[in-house]
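I opened the notebook to look up a few annotated spans and some single residues. Here is what I looked at.

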Amino acid sequence: MGNVIRVQHLNYTYPEAKHQALTDVSFDVAKGEWLAIIGHNGSGKSTLAKNLNGLLAPESGTVEVAGMTLSEETVWDIRAKVGIVFQNPDNQFVGATVADDVAFGLENRGVPRDEMVKRVDESLERVGMTAFADREPARLSGGQKQRVAIAGIIAQRPEIIILDESTSMLDPAGRQEVLGVIRELKDELNLTVLSITHDIDEAAVAHRIILLNDGKINEIGTPSEIFAHGTDLLRLGLDVPYSEKLKDALIQRGVTMPKAYLDNERLVDYLWTLHSTM
Amino acid sequence: MDKLLLGRYIPGHSWIHELDPRTKLMASFYYIGIVFLANNWQTYLIMFVATLFMIWLSGIRIGFFLRGVRPLIWLILFTVALQVLFVRGGTVYWHWGWLWITKLGLINGAFIFVRFVLIIFMSTLLTLTTQPLSLADAVESLLKPLRVIRVPVTELALVLQIALRFVPTLMDQTTKIMNAQRARGVDFGEGNIFQQMKAVVPLLIPLFVSSFTTADELATAMEARGYQGGDDRTKYRILRYHQRDWIAAGGMAVLTGLLLLLRAY
């Protein structure tokens with residue numbers, strides 16, 4: 001398994017901005033990995049995502065995606081490999097109906113119609129939206145719209161899916177629904193997933209986490225390594241996972257808890273052993 | 001807010017519903033053209049019967065069509081009144097100053113009335129049986145020859161499609177902003193005309209600004225999905241003429257023939 005994304009010394013400044021949005025960002029992403037990028041508002045998460053598929057051009061440094069170095073010639077090939085699901089379900093829905101929206105990316109690439117129909121049906125099936133193919137966006141829920149956005153992306157057969165805060169405007173049920181679909185697709189299609197998120201529980205399921213702070217990489221590590229900082233994360237404007245909050249509350253009430261990060265399951269295990277008198 | 005002219009489509013699977021939207025669009029225009037061929041009671045009768053037959057084919061209750069006439073009723077009555085009172089000819093029934101009610105005036109008034117109703121029925125039939133989206137497709141397809149004179153038909157079609165797709169979204173947003181401003185004390189639709197116009201500003205400006213955000217995000221999403229514009233794109237949605245479209249065209253031809261024949265009498 002090679003690296004599917006390689007970013008080296010990436011710098012980016014928005015025109016008219018005084019400060020750099022990204023400073024010397026370097027990291028690799030392995031094929032099939034689920035990587036979460038977290039950081040407070042304005043830490044440069046979305047800017048990073050847009051730099052990865054050429055929506056923004058890096059000021060200096062190189063971005064390599066699926067063996068291609070991002071440049072003006074390769075940008076459209078790279079976009080074919082990288083699908084992004086954005087935050088607002090309404091503002092990324094181009095087509096007049098669900099099927100049209102899924103077909104939009106294929107139309108752009110000049111895929112012949114027969115092939116297109118096949119891929120649209122297949123993608124809608126994968127995200128469980130077949131019954132809604134003729135619906136208009138106004139009649140779908142936020143979670144359903146995001147599922148359509150995912151279908152539109154997997155119809156293009158990408159290698160990488162970037163979730164740019166795609167669950168942040170959804171209710172908890174819609175969030176679970178969308179993440180469930182992504183998780184299934186990831187294994188089935190051997191995708192690499194980059195999820196940019198505020199939702200700490202979404203980050204907790206990733207293989208690795210990149211912690212961004214003011215445009216710089218603060219730390220890269222596994223969820224256990226990152227969340228072991230516990231309440232220090234609050235200082236960086238981040239939340240801590242529920243299990244960590246519970247642990248903290250228990251420590252304050254005098255219960256002895258291990259220092260390492262525990263996910264929900266391990267926390268239950270630990271409490272259960274602690275309670276056991278046998 | 002959803003009582004828009006375009007949103008009145010009634011889903012169905014009737015003979016008329018299944019026609020190609022291009023056929024429907026062209027036939028409606030053609031029909032409105034030939035309404036003006038009718039000039040006596042025989043021709044109007046033929047047109048009326050033909051229209052009722054088409055309405056029957058669409059399987060939609062006549063009530064919907066009558067409702068289409070309602071908003072225009074004053075305009076129709078006004079025009080009819082003008083005809084009745086000012087056209088002179090034939091037997092005079094009543095006469096006062098420069099106002100005359102004559103046989104010719106009455107006949108003309110009746111014809112104008114029927115003509116209005118027929119045109120409204122036909123355009124209602126078009127909007128009730130055709131999805132706005134298919135209409136946009138039809139417009140695109142029919143405009144295609146204009147590419148020769150460098151009209152950007154594909155781009156126009158995309159603009160039309162996105163506009164139609166965002167109508168309900170913007171409507172929702174409008175309602176939301178209105179309610180949000182109401183909650184902060186703005187009175188919509190009250191006071192004199194200037195006060196009312198002023199009250200619209202807190203609605204319009206946020207709507208305008210949010211349209212920019214939407215446009216920006218939509219453009220980003222489109223680009224991320226490989227949109228480069230131009231005519232190299234393939235199309236998911238295609239229109240095909242079927243047998244019934246030829247039958248409809250034949251029907252229109254027969255109707256024209258009958259009208260021309262009976263017009264002479």
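Helices here are DSSP runs of H or I with at least four residues, strands are runs of E with at least two, and both are numbered from the N terminus. The model is a predicted one.

Entry 1, chain A, the loop residue. I looked up A:Asn190. A:Asn190 sits in the loop between α6 (172-189) and β8 (192-196) of chain A. Its phi is near 55°, a positive value in a residue other than glycine. I noted A:Asn190 as partly exposed, at 39% relative accessibility.

I checked the UniProt record, an unreviewed entry. The record lists "domain: ABC transporter" for residues 5-239 of chain A. I read that stretch as 36% helix and 24% strand. Its end C-alpha atoms are 27 Å apart.

Residues 106-128 of chain B are 100% helix, with end C-alpha atoms 33 Å apart. Residues 246-264 of chain B are 95% helix and 0% strand, and the ends lie 28 Å apart.

B:Arg150 is not a glycine, yet has a positive phi of about 65°. I found B:Arg150 in the loop between α6 (132-143) and α7 (153-183) of chain B. B:Arg150 counts as exposed, because its relative accessibility of 77% is over the 50% cut-off.

Which residues make the nonpolar surface patch of about 670 Å²? I listed B:Val200, B:Val201, B:Leu204, B:Ile205, B:Phe208, B:Val209 and B:Phe212. B:Val209 belongs to helix α8 (residues 193-224) of chain B. B:Val209 is partly exposed, with a relative accessible area of 48%.

How values were computed. Residues are numbered from 1 along each chain as its sequence is written. Chains are lettered from A and ligands numbered from 1 in the order in which they are written. This is a predicted model: local features need pLDDT of at least 70, side-chain atom pairs count only at pLDDT 80 or more; totals for chains, interfaces and linings use all residues. Side-chain values use heavy atoms; hydrogens and water are left out. Patches are made of residues with over 30% relative accessible area and no salt bridge: like charges are joined within 9 Å, nonpolar side chains (Val, Leu, Ile, Met, Phe, Trp, Tyr) within 5 Å. Accessible areas come from the Shrake-Rupley method with a 1.4 Å probe; for residues, only the protein chains shown count as cover. A salt bridge is a side-chain nitrogen of Lys or Arg within 4 Å of a carboxyl oxygen of Asp or Glu. Buried means under 20% relative accessible area, exposed over 50%, partly exposed in between (1.4 Å probe, protein chains only). UniProt positions are given in the numbering used here, feature names are shortened, and annotations may be inferred rather than shown by experiment.
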